[in-house]
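Here's a quick tour of a protein chain and its two ligands. Keep the 3D view open and click along as you read.

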Amino acid sequence: MSESNQTYGKGPTESILSTMNQDGSRNWLRPKLAKGKHYYRRFAVAWGLILTFVVIPHLTMSGKPLMLFDIPKRQFTLFGTTFFATETPLLLLLLLGLFLSIFLFTALAGRVWCGWGCPQTVYMEFVFRPIERLLEGSPAQQRKLDKQGGSPRRVLKYFIYLLLSMFLAHVFLSYFVGTTQLWEWMHRSPFKHPSTFLIMAGVTAMIFFDFSYFREQTCLVACPYGRFQSVLLDKHSAIVAYDYNRGEPRAKKRQRSEEPPEGAESWGDCIQCKACVLTCPTGIDIREGLQMECINCTQCIDACDDIMEKIHKPKGLIRYTSQQTLETNQKQGILRPRVLLYPLLILIIFTALGMALARREAAEVTILRGGSNPYKVLPNGQISNHIKIKIANRTPKLQKYKIKLIAPKGVSMITPINPLVVAAQKTETAVIFVLAPRAMFTDNGSLPIQFTIDNSSDYKTTRKYKLLGLLKGINPSDLK
Ligand code: SF4
Ligand code: SF4
């Protein structure tokens, strides 16, 4: 993997992507670390998130994993509540509530997620980039290595990146298979679980590719959330911004002995040191105004505050503010239509979800038609319907469900296992044959019946079902 840049001929003069040279080749960004109060706060948040991500698969709640997305079994466990495949609407409601919360958060605090919470930023700036700085030195030393085309230090860096990517892929996988299963697989030959091994290898490759090569381009060209900013943000949202009222007209120290440009009483506070540009992980100049590429990482705030301190000017030339405040010099109010509408919608969604969860039954029963033939006519003239009763036990304990056919009289059932034993949070299916005399069926060949399913303690339900049989006037011999 070459990290060197080459420029061929004369490129376009207009502004292009910060990660691309004018000839279309990759511009490797080597941001300078700026340490300040925001950096230390972000460091604490980032490592808190990393530890949370690693620890969650090991935690349990009410005897269940805190989070487990069991795709083969189509069961999702979140904070001690298991959602089954038939409860997808509840899960969708939860996701909708989370999305709206992100919208609200963005309207209030801008791209705070991108700069403080997104795994791309967290792992890039607080895990992978520090390793790079440790092994390859300052941005200038890294550029020197780019020109050399490689070194043992760079090979070592990529080797450590690979190990880290494998570790993160394993943690990621444990959210889908659980830590016990993962641990078991890790002690077995990959040939015994090839598909899972391939998934792990694929996730490792994607993480390695992202943090070694693709890097900030994920935020600049791939992330859909970044593209939504223009609709999620408004003039009142908090953003990282350069105070052009205070900073302009900008000038280097030596230029300041000259008269300021016409219309300006004095020079602004920006001394054109470019510390804010050199530290930017997406390679932009915040002084050009609000840009989609800005992930609100606050590194330029720390870099500029450091310069302001050195030149004895007040800090905050770059700071958290809003476009409205910059334009009017007045503090923005929090209340505005979208900030009122989002919480209202969130409240409605979470109330509906809470009510649905409170009314959830201890089991879920589904009656299905079994086999390819809906019914059979037996030699004794009776009609046999093959059906399946699927029971999902939502309780944390093993349950025994007794299935009884309660109506109408004259109908009987045969089932090999009754009561049906279902382990905690599992689903089992009972195979049942219901026998009924032909005379009981209606002219259009149907017969309503009723079952009860009960676990002798806290769950009992009555379910209706319609048996199928011969239509009036049809003889069994006609079917042959
Ligand atoms: S760091 Fe501050 S002073 Fe330096 S160029 Fe950026 S805005 Fe101007
Ligand atoms: S402009 Fe500032 S806040 Fe935005 S990405 Fe660059 S360094 Fe981070």
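Let's start with the overall build: a compact globule of 480 residues would have a radius of gyration near 23 Å, but this chain comes out at 32 Å. Keep in mind that you're looking at a predicted model. Along its principal axes, the C-alpha trace spans about 110 × 55 × 45 Å. As for secondary structure, the chain has 16 helices and 16 strands.

**Around ligand 1**

- Which residues are closest to ligand 1? They are Cys270, Cys273, Ala275, Cys276 and Cys304, out of 15 residues that surround the ligand.
- Two elements, α13 (275-278) and α14 (299-310), each give two or more residues to this shell.
- The largest share comes from α14, with three residues.
- Sorted by class, the shell around ligand 1 has eleven nonpolar, two polar and two charged residues.

**Around ligand 2**

- Ligand 2 has 14 residues around it, and the closest are Cys280, Ile286, Cys294, Cys297 and Cys300.
- How many charged residues are in the shell around ligand 2? There are no charged ones: the shell divides into nine nonpolar and five polar residues.

**Helix pair α2 and α16**

- A quick bit of background: two packed helices are described by the angle between their axes and the distance between the axes.
- Helix α2 covers residues 88-109 and helix α16 covers residues 337-358; their axes come within 9 Å and cross at roughly 160 degrees.
- Angles over 145 degrees count as roughly antiparallel, so α2 is roughly antiparallel to α16.
- The crossing of α2 and α16 is left-handed.
- On the α2 side, the residues in contact include Leu90, Leu93, Leu94, Leu96, Gly97 and Leu100. On the α16 side, look for Tyr342, Leu345, Ile346, Ile349 and Phe350, among others.
- By class, the contact of α2 with α16 has 19 nonpolar, two polar and one charged residues.

**Helix pair α4 and α6**

- Helix α4 (residues 119-136) and helix α6 (residues 152-177) have axes that come within 10 Å and cross at roughly 155 degrees.
- With that angle, α4 is roughly antiparallel to α6.
- Is the crossing of α4 and α6 left-handed or right-handed? It's right-handed.
- From α4, the residues that take part are Val127, Phe128, Ile131, Glu132, Leu135 and Glu136. They meet Arg153, Arg154, Leu156, Lys157, Ile160, Tyr161 and Leu164 in α6.
- This contact divides into eight nonpolar, no polar and five charged residues.

- What would you expect of a backbone? Most residues other than glycine have a negative phi, and most peptide bonds are trans.
- Glu248 and Pro249 are joined by a cis peptide bond, with omega at about -10 degrees. You'll find Pro249 in the loop between α12 (244-247) and α13.
- Asn418 and Pro419 are also linked by a cis peptide bond, and omega there is about 10 degrees. Where is Pro419? Look in the loop between β12 (412-414) and β13 (420-422).
- Gln272 isn't a glycine, yet it has a positive phi of about 60 degrees. Gln272 sits in the loop between α12 and α13.

Terms used. Residues numbered from 1 in each chain as written. Chains lettered and ligands numbered in written order. Predicted model: local features only at pLDDT ≥ 70, side-chain atom pairs only at ≥ 80, totals over all residues. Near = placed C-beta within 6 Å. Helix = DSSP H or I, 4+ residues; strand = E, 2+ residues; numbered from the N terminus. Nonpolar A, V, L, I, M, F, W, Y, C, P; charged D, E, K, R; others polar. Axes fitted to C-alpha atoms, helices over the stretch in contact; angles between N-to-C directions. Parallel < 35°, antiparallel > 145°, perpendicular 65-115°, else oblique. Left-handed = near helix turned anticlockwise from the far one by under 90°. Contact = placed C-beta atoms within 7 Å. Rg over C-alpha atoms; globule rule 2.2 N^0.38 Å.
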